[in-house]
Amino acid sequence: MADQRTGSKTGNKALIGAGIATVAAGAAAAFLLSKRTGSAGAPIENISDAPDYVWRRGTKSYETNLLGNTVTVGRPREELFEEWRDFTRFPAFMENVEKVEKLDSKRSRWTIKGPLGSSIELVTRITSEEPGRSISWVSEPQSEIETEGRVEFIEAPPGRGTFVRLTQRYSPPGGRIGKGLAKLLQREPKIQARRDLRRFKQLMETGEVATNASPSGRKSETPTEARI
Amino acid sequence: MRALTWHGRHDVRVETVPDPEIVNPRDAIVRVTSTAICGSDLHLYDGYIPTLRAGDILGHEFMGEVVEVGARSSLKKGQRVVVPFTISCGDCFFCKKQQFSACDNSNPSETSDASRLLMGHTMGAAFGYAHLTGGYAGGQAEFVRVPYSDVGPIVVPDHLEDDKVLFLSDILPTGWMAAENAEIEEGDTVAVWGCGPVGLFAIQSAKIMGAYRVIAIDHYPHRLELARQMGAEILDYREVDVREALDEMTGGTGPDACIDCVGMESHGLTIDNIVDTVKAHTFLGTERPHALRQMILACRKGGRLSIPGVYGGFADKFPLGQLMEKGLSVKSGQTHVQKYTAKLLKMIEEGKIDTTFLISHHASLEEAPEMYRHWHDDQDQYTKIVLKTQFATPRKDEKELIHELA
C-alpha cells in the first residue's frame, strides 16, 4: 500500500510539473505576442537598426515584396557607381538578364529570362540618382512586370571597401503561384539578386566571374559550361 | 584525357573524359605529372561529404607542367608548378589578409548558395571536392584547369623532383599551419592525434617550431613508427588509456597544445564512436569526433586546440562545458596554402624539412581505384600514395623511394 501511494504521489508530481511547464510556456507565448502588438492591438514602433527589407512578417515595418541584399566589394564607392551606371553591362553579371538597351539617358529596355524558357521585357526609368551613392529606377507602365529598384553604394568601415545594397520592390508575374514556381526554378528574385551581387563582386574584385566550368564524367556536360 | 571519377560510396573509376579548356582570362591548364591521394579523399570515398555528384573528378594534391595560359595568367608554358588545393582569387578581403582558404570569390555564385545555407557564409573553393566548395574538377587527372593561376601555383626549380615538392599542394602546409595554430611556446608538450600524412607533418613542424616534446597518438604501428622517426614519443591507444598516459607523462598537467589530425571519421571501439558511426550511416549525423572529444578532456587548463582535421556539419555530445571551464582556445580551418608555399619550398631546398619519408607507394593514375581501396583498407602500410600520370618522367632513383614493406 505504502509503495503504491508513493508511486501515485510521484505521478502527481510529474503531472503538476508538466502542468506548470505548460502554463509557463503559454504565459511566455502570450507575453511575446503582447510585446509584438501594442495594447490597442496595433504593431508598435520597431527599434532595430536594420535595413528596410529584413523586418519579420508581423512587425510594423514589414513590407510585402520588398527584397534586399548587401555585398561588400573591396573598391571605392565612386568607382563601383560608375561601373553600375552603365546598365548595358548588366548581362555580364546578372544571370537572367539577356540584354539591356539604352533608350535615352534615363530609360533602358531589359530582356529577362522568365520561368520555363519564356522571356520578359520591361522598360525602366531612372527616378533618382546621387553620384557615387545611389541609383533608383522604376518600371514603365508598358512593362510585363512591375518592379522598382535601388542600388546604394555605402562606405564600409575603413579599409573594407563598399557595401553594395540592392533593394527591389516587385509584383511577381502569376502572383503567389508564379513566385513559388520561380523559386523552384531558382528564378526567384531574392536568390537571383544574391547571386547577381556576388557575380558583380567577383567581376569588380578579380576582373572575372568565377565559374567551375571543367570536365566531368557526366556525358551531358561540356568542360566550358558551369555546373551546379 | 584520363581521370579518376567518383560514382558513389567506395566506387571510383578511371575514365576517359573531355580535356579542360581555358574559360577565364586568369586560367591556366596544367598537365599533371604527379598527384596524391589525400586523407580527406577518404571522406569522399566513404560518402561522408554531401554535394558530391557522380562523375566528379577527384584529387586536390597535384603538380605538373603549364601547357596553356589565359590572357591574364602570369605563368609561362613549360613552367613546373605545384598547385595549392585551395582556389583563391588573391584580391578579396580574405586573400589580402592571407586567409586564402576563406576566399570570397572563388566559389561560383551557383554553388556557393548551398555552402551559405550550411555554414552561414559562402565557403572558398577547392579542387576535386564537393560542390559545396565550388565543384571544380580535381587533379587525379591528366590535365586540370587552374583558375587564378597568377596567384595560386608556385613555380618549382627543376632540380627538385616531384616527390619532394608535391606535398606543398596540401598536406605539408596543412601540417605546418596545424603546428602554427598550436601557438607553441618554450617547454611545450604538444600532443598530436592521428599519424596520417598531416599528423606526421604536424609533428615535424612542431619540432621545428621548438616544441620540447611531441606525443603522437594512433593505432597503426607503422604510422606510429614514422612518428617516432620524426622525433615524437608514441601512444598506441589499443595498448594504453590515452588520457591517463598523457596525464602521467606530463606530471598530471596535460599537454599544452593538442592537434586533431583525425577529423570526422575517428576510429576506435568506444561507446561514443559506435553511436556516431550508427548515426552517420543512418544520415542522422555527419561527425565521429571521438578524437576531438578526448582532446578537450586531455588538454591542460588554458591550453590550445588546433583542428586541421576535416569536419562536415553538426557534432553532438560535444564537451562544450569542458572547453569553456578549462579556458581552451581553438584554432581551425582549411589551410591557407598560398600563405606558406614560398617559405616551405625554401625549407625543402635547404634540406630543413623531410617531405618524402612518408611516401609508401607509387602507382600509375590507371591504378588509382585499387590504390583508393588500399588507402581505405590498409592504412598501416599505405601511409602516402603518389600517382604518376603518363607525363611523369621516371627518375632513375625513383625505385629506391618505394619503401620495402615491413
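Colleague: Which residue just after α12(B) takes a positive phi?
Modeller: B:Gly351, at about 70 degrees. Bear in mind that this is a predicted model.

Colleague: And the helix itself, what does α12(B) span?
Modeller: Residues 337-349 of chain B, 13 residues. The distance from first C-alpha to last is 18 Å, close to the 18 Å expected at 1.5 Å a residue.

Colleague: Where does α12(B) bend?
Modeller: At B:Lys343, by about 30 degrees.

Colleague: Which residues of α12(B) are buried?
Modeller: B:Val337, B:Gln338, B:Lys339, B:Tyr340, B:Thr341, B:Leu344 and B:Leu345.

Colleague: Switching to B:Ala3. Buried or exposed?
Modeller: Buried, because B:Ala3 has 32 C-beta neighbours inside 10 Å, and 20 or more is the cut-off. B:Ala3 sits in strand β1 (residues 2-8) of chain B.

Colleague: What does B:Ala3 touch beyond four places in sequence?
Modeller: From chain A, A:Pro215. From chain B, B:Glu15, B:Val17, B:Ile57, B:Gln140, B:Ala141 and B:Glu142.

Colleague: Now A:Thr70. Where is it?
Modeller: In strand β1 (residues 66-73) of chain A. A:Thr70 counts as partly exposed, because it has 17 C-beta neighbours inside 10 Å.

Colleague: Which contacts does A:Thr70 make, sequence neighbours aside?
Modeller: A:Phe163, A:Val164 and A:Arg165.

Terms used. Residues numbered from 1 in each chain as written. Chains lettered and ligands numbered in written order. Predicted model: local features only at pLDDT ≥ 70, side-chain atom pairs only at ≥ 80, totals over all residues. Helix = DSSP H or I, 4+ residues; strand = E, 2+ residues; numbered from the N terminus. Buried ≥ 20, exposed ≤ 12 C-beta atoms within 10 Å, placed from the backbone. Contact = placed C-beta atoms within 7 Å. Expected span 1.5 Å × (residues − 1). Bend = angle between axes of the 7 residues up to and from the residue.
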